[in-house]
Amino acid sequence: MDISRTSRIAKATALVGTLALLATGCGGNINAAEEEPASADNPITLTVTTFGTMGLDSLYDKYEAENPGVKIEATNIDTGGNALTDWKTKQAAGAGLPDVQAVEEGWLGQVMAVSDSFTDLRDHGASDISSQWVDWKVQQATDAEGRIIGYGTDIGPMGLCYNADLFKEAGLPSDRDEVAELFGGDTATWEKFVDVGKQYVGASDKAFYDQSGFVWNSMVNQLDEGYYKADGTLNIEGNTQLRERWDLLADAAAGGLSSGQTQWDWGKGQAFIDGSFATMPCPGWMLGVVKGQIEGAGGDSTNGWDFADVFPGGPANWGGTFLTVPETSEHPAEAAKLAQWLTSADSLAVAFEAAGAFPSNLEAQASEAVTGANDLTKFFNDAPVGTILANRAEGIKAQFKGPNDSVIQEQVFGPATIALDSGTDGDSAWNDALATLKDLDIK
């Protein structure tokens, strides 16, 4: 028996089961009319929990300066997966949640199952300002009863990060416009992506992309319906589109296209500067991650990374976050005010410059801070990052996320994509994934 696998399944099952026991409305949220505004004479502390690279950290001091009496205590969790575990644990306990909780798109199925344990932001003016975000972002944060439980931060339109130096060494085009055409431009497909990858591997004897997990996630998010149908039923077994993409991914891994990197690590960033791979799918927020990894490994903008206005299969969204106010907050009005300020046009423009988090705020999208030059654009060979992401955002449709979408991605197909990169054939890895799905009893 694979004890480690059994342990992972047991742990995931426990997390899934916990959601079924979550208490709703389990908090001490007071009536907004009864809440005394923060001031120098009425100081309060607001706790904020974010994750990954959201680009908000530099904003907290500014908010405190503009709002006397408010002190912000911020916690940033390294990955969205760890942040989800943290939220679920505290949600189940009915204690420990912050005043402002960042929620990732992939959690929405689980969050909406307990949406009444979050403050209805309509009570704090959300209906009056909802037009400032792309409409599908607001729809995602609206529950079946019409309650708006989150203000949108970023969305995750996808382009391709690629290393121009490595492409050139392999005899491939390196100019970003030519690279976009190489992959097929507006008619780019995953089949073409794999074909180009095979050319690259053949010419360089090096891997093409970092690891199969992120490619698979991109493939799934791009479908009209992913792991779940819009009616909330599972959509994995018998899903022809899903299986066809899996087989293509398996073929790519078997052909040596995957470098088999550890997700979110990349050898402490070394793989970005030592030629281990030449491309990877990049939603806007990933650009900040890539920049941070390269710099952490001692690299800089001279290491050849660029960003192309193309994506296999057309428009796709990966990720994007909301700022919510759990009902347990003792300062819901002040927390909602902070969440609104952090998702304003000016704030999200700052977040974009810091981390490449492409704003869901329409005014921010059109701002000079997003469309112009900044440290991020300079790092990616002066690529017009904001303009490219705006182009990649056109045509995106919000995919329905079921209650266990993130569990399926991480616990079911996470190990399966690692298996592909380790040499397991596609049929075996797929069947193992279905077996894990059954073991977890995911609905």
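Modeller: In this predicted model, the buried residues of helix H13 are Pro332, Glu334, Ala335, Ala336, Leu338, Ala339, Trp341 and Leu342.

Biologist: What makes H13 a mostly covered helix?

Modeller: A residue counts as buried when its relative accessible area is under 20%, and eight of the 11 residues of H13 are buried, so the helix is described as mostly covered.

Biologist: What makes H10 and H11 roughly antiparallel?

Modeller: H10 and helix H11, the latter spanning residues 240-254, pack at an angle of about 160 degrees, with their axes 10 Å apart. Because angles over 145 degrees count as roughly antiparallel, that value makes H10 roughly antiparallel to H11. Their crossing is right-handed, and in it Ser212, Val215, Trp216, Met219, Val220 and Gln222 of H10 meet Leu242, Arg245, Trp246, Leu248, Leu249 and Ala253 of H11. By class, this contact has nine nonpolar, two polar and one charged residues.

Biologist: How do you know that Tyr209 counts as buried?

Modeller: The relative accessibility of Tyr209 is 1%, and the limit for buried is under 20%, so Tyr209 counts as buried. Tyr209 lies in the loop between helix H9 (190-204) and helix H10 (212-222), and beyond four places in sequence it touches residues including Phe193, Val215, Leu249, Ala253 and Phe277.

Biologist: Why is Asp143 called buried, and what makes a polar contact with its side chain?

Modeller: At 9% relative accessibility, Asp143 falls under the 20% limit and therefore counts as buried. Asp143 is placed in the loop between helix H6 (135-140) and strand E4 (151-163).

Biologist: How is Gln140 in H6 classed, and why?

Modeller: Gln140 is found in helix H6, and at 11% relative accessibility it counts as buried, because 11% is under 20%. Setting aside neighbours within four places in sequence, Gln140 is in contact with Glu105, Leu108, Met112, Phe322 and Ala398.

Biologist: Why are Trp264 and Asp441 each called partly exposed?

Modeller: Partly exposed covers values between the buried limit of 20% and the exposed limit of 50%. The 35% of Trp264 therefore makes it partly exposed, and the 48% of Asp441 therefore makes Asp441 partly exposed.

Biologist: What is phi in Trp264 and in Asp441?

Modeller: Most residues other than glycine have a negative phi. Phi of Trp264, which is placed in the loop between H11 and strand E5 (279-283), is near 65 degrees, a positive value. Asp441, found in the segment after helix H20 (426-440), has a positive phi of about 55 degrees although it is not a glycine.

How values were computed:
Residues are numbered from 1 along each chain as its sequence is written. This is a predicted model: local features need pLDDT of at least 70, side-chain atom pairs count only at pLDDT 80 or more; totals for chains, interfaces and linings use all residues. Side-chain values use heavy atoms; hydrogens and water are left out. Helices (H or I, at least four residues) and strands (E, at least two) are DSSP runs, numbered from the N terminus. Buried means under 20% relative accessible area, exposed over 50%, partly exposed in between (1.4 Å probe, protein chains only). Contact means heavy atoms within 4.5 Å. Axes are lines fitted to C-alpha atoms, for helices over the stretch in contact, and angles run from 0 to 180 degrees between N-to-C directions. Angles under 35 degrees count as roughly parallel, over 145 as roughly antiparallel, 65 to 115 as roughly perpendicular and the rest as oblique. A crossing is left-handed if the near helix is turned anticlockwise from the far one by less than a right angle, and right-handed if clockwise. Ala, Val, Leu, Ile, Met, Phe, Trp, Tyr, Cys and Pro count as nonpolar, Asp, Glu, Lys and Arg as charged, and the others, Gly among them, as polar.
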